[in-house]
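Please open the structure in your viewer and keep the selection panel at hand. The stops below say what to select next and what is there.

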Amino acid sequence: MNDCLFCKIIAGEIPSKKVYEDELCYAFCDISPLAPTHFLVVPKAHLDSAARITEENAPVVGHIFVVIAKLAGEMGFSDGFRVVTNCGQSAGQTVHHLHFHVLAGKELGSFH
Ligand code: 5GP
Ligand code: ZN
């Protein structure tokens, strides 16, 4: 996926502010934060969106949520945070590499 912005960020071809990295996923600060804490967690293996999650690739999604829970504890926001993934154009997905927004640090309000 040479043309994918987040693949380039994972590869270090485009700089980013790293929050966390392991063999399966990469987390980095969002360039336009919507909350005092706003980072993105992405699988290193390219996947277009949540619509492409299958039984085969689903373990990385579980892993990402384990990582998010760990970071929430370490970074001190486990008492209140939101995880969002926009899927498809009508949901506002602008980068077509699966990513989970993690937002915290302010009153986030009801989402529904
Ligand atoms: P989406 O709208 O697809 O759910 O989220 C894409 C997110 O990626 C947006 O919140 C946007 O601010 C962020 N973003 C776009 N380009 C870059 C970039 O070059 N670097 C970083 N760190 N974030 C980016
Ligand atoms: Zn990608």
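**A tour of the two ligand sites**

Begin by selecting ligand 1, which takes up the space of the largest pocket (a pocket being, on a 1 Å grid over the protein atoms alone, an open set of points with protein on both sides within 12 Å along at least five of seven lines, and a molecule sitting in it if more than half of its atoms lie within 2 Å of its grid points). This is a predicted model, in which local features need pLDDT of at least 70 and side-chain atom pairs count only at pLDDT 80 or more, whereas totals for chains, interfaces and linings use all residues. Residues are numbered from 1 along each chain as written, chains are lettered from A and ligands numbered from 1 in written order, and side-chain values use heavy atoms, without hydrogens and water.

Next, show the 16 residues around ligand 1, of which Cys29, Asp30, Asn86, Thr94 and His101 come nearest (a heavy atom within 4 Å counts as near). Then select the backbone of threonine 94, where an N or O atom lies 2.7 Å from an oxygen atom of ligand 1, and that of valine 95, with a polar atom 3.1 Å from a ligand oxygen.

Now move to the zinc ion (ligand 2), coordinated by Cys4 (SG), Cys7 (SG), His46 (ND1) and His97 (ND1) at 2.0 to 2.3 Å (donors are N, O and S atoms within 2.8 Å of the metal, or 3.2 Å for Na, K and Ca). Along the chain, these donors follow the spacing C-x2-C-x38-H-x50-H.

Finally, select cysteine 4, which is buried at a relative accessible area of 7%, and cysteine 7, which counts as buried at 18% (buried means under 20%, with a 1.4 Å probe and protein chains only).

Conventions. Buried < 20%, exposed > 50% of the residue type's maximum accessible area, 1.4 Å probe, protein only. Polar contact = N/O pair within 3.5 Å; in protein donor to acceptor, adjacent residues only side chain to side chain. 1 Å grid on protein atoms, 1.4 Å probe; cavity = no way out; pocket = protein on both sides within 12 Å on 5 of 7 lines; lining within 4 Å.
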